[in-house]
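Here are my notes for a first reading of this model. Please keep the structure open while going through the points.

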Amino acid sequence: MRAQPAIAALRAYDPGHDLVALRRAAGPAGLLELGSNENPYGPAPGVRAAAERALAAAHVYPDPYGGDLKRALAARHGVEVAQLVLGNGSHELLMQLGQVFAGPGTEVVFPQYGFAVFAIAAAAAGADAIVVPALPADAAMPRGHDVDALAAAVTPRTRLLYLANPNNPTGTWVAAGAMARFLDAVPDDVVVVVDEAYAEIADAPEYASALPLLATHRNLVVTRTFSKAYALAGLRVGYAVADAEVAAVLERVRESFNVNAVALAAAEAALADDAHLQATTRENARQRERLAAALRERGWRVGPSQANFLLVEFGPRTAEVEAGLLRQGVVPRPMGGYGLPQCLRISVGDAVGNRRLLAALDALGIAPGREGGGHA
Ligand SMILES: Cc1ncc(COP(=O)(O)O)c(C=O)c1O
């Protein structure tokens, strides 16, 4: 059997650790899972009842159009229902975008340290991946997207350009003005996907969603997810907002009934509770700044983040730090796959979780060395 060459050469998406095995092996304190950027506060209280109601009708197919959720999303974002496509997580939509717009002989542009799925989507489409170097580690936005270089990397063969804002795994972000200028610089026939998985959590004054730019850029696609701020990672719901014509093309490759009935109902209930969203995202941002400050006080270099995780440089002793945390039931995300073996990505927990993380780190007795992983 012969897979297509690009796929034969591809590594599958790496979820980090085998969490199920780690959970089974965990001691009485349980596992503190800080490897997947989940939301420690859980979904809005109304979600469970809505999901249970949907479960009672599990013998029938879900609404293939996801109409109720789309209408709620359209109202929320001030767009037409026809501009929305639902996905079984936004990962699925990122793959569909590759399938629809890229192909053999075309180029897909994305940034170094961009979300891992971009490379998978490009390869799965048989396209050539053009990886644009990130800003340097000592830039004002360390390892952030170089939007000028991204726009300059576009050639007549480019069909698709992906970037996440805020970005995973760096946590960095592109300011509103820079994003608008970047979109102006990209030709109209190149689809620009702005992956906003963490948008609801971002609170920097200069950060803004790209959604308003849809009005002036028909080549823009914004993807969002219910996995992060809405705390529904286990149910798999994401959505894309695009020009209605682009959305219609994406619909052609969508699997029938791709979002299940429980997920549709839960997402609708989560979306309806804005107070819960605001309270939990505010708390997450507050904890993020506190955790970053505590790590910096200990001498570790922590990148600026507008998401619900931090990229922390532990230098040459990173593997030791990771193993030591795992021994104590704390699970960070290794970054070797992103070309950042000297870093760990650590999701921001709640106050209790973050205290446990810091105590576990302190117990290792590893101090930042001069060769890296500390403040200069
Ligand atoms: C930047 C980014 N985009 C997309 C996703 C995929 O999220 P989901 O498929 O759960 O919607 C993630 C998940 O970690 C992410 O970090």
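1. Helices (H or I, at least four residues) and strands (E, at least two) are DSSP runs, numbered from the N terminus. The model is predicted: local features need pLDDT of at least 70, side-chain atom pairs count only at pLDDT 80 or more, and totals for chains, interfaces and linings use all residues. Residues are numbered from 1 along each chain as its sequence is written, and side-chain values use heavy atoms, without hydrogens and water.

2. An open sheet of mixed pairing is built from seven strands, in the order 2-8-7-6-5-3-4; two strands pair if DSSP finds at least two bridges between them. Strand 2 (84-87) and strand 4 (128-132) are at the edges with a single partner strand each, so one side of each has no neighbour in the sheet.

3. Strand 7 (residues 220-225) and strand 8 (residues 238-242) run antiparallel and are joined by five bridges. Val222 has Val241 in strand 8 as its bridge partner.

4. The largest pocket is lined by 45 residues; Tyr13, Phe115, Ala116, Arg333 and Tyr338 lie nearest its centre. A pocket here is an open set of points on a 1 Å grid over the protein atoms alone, where a 1.4 Å probe fits, with protein on both sides within 12 Å along at least five of seven lines; lining residues have an atom within 4 Å of a point.

5. Helix 6 (116-124) is among the elements that supply at least two residues of this lining. Helix 6 gives the most, with four residues.
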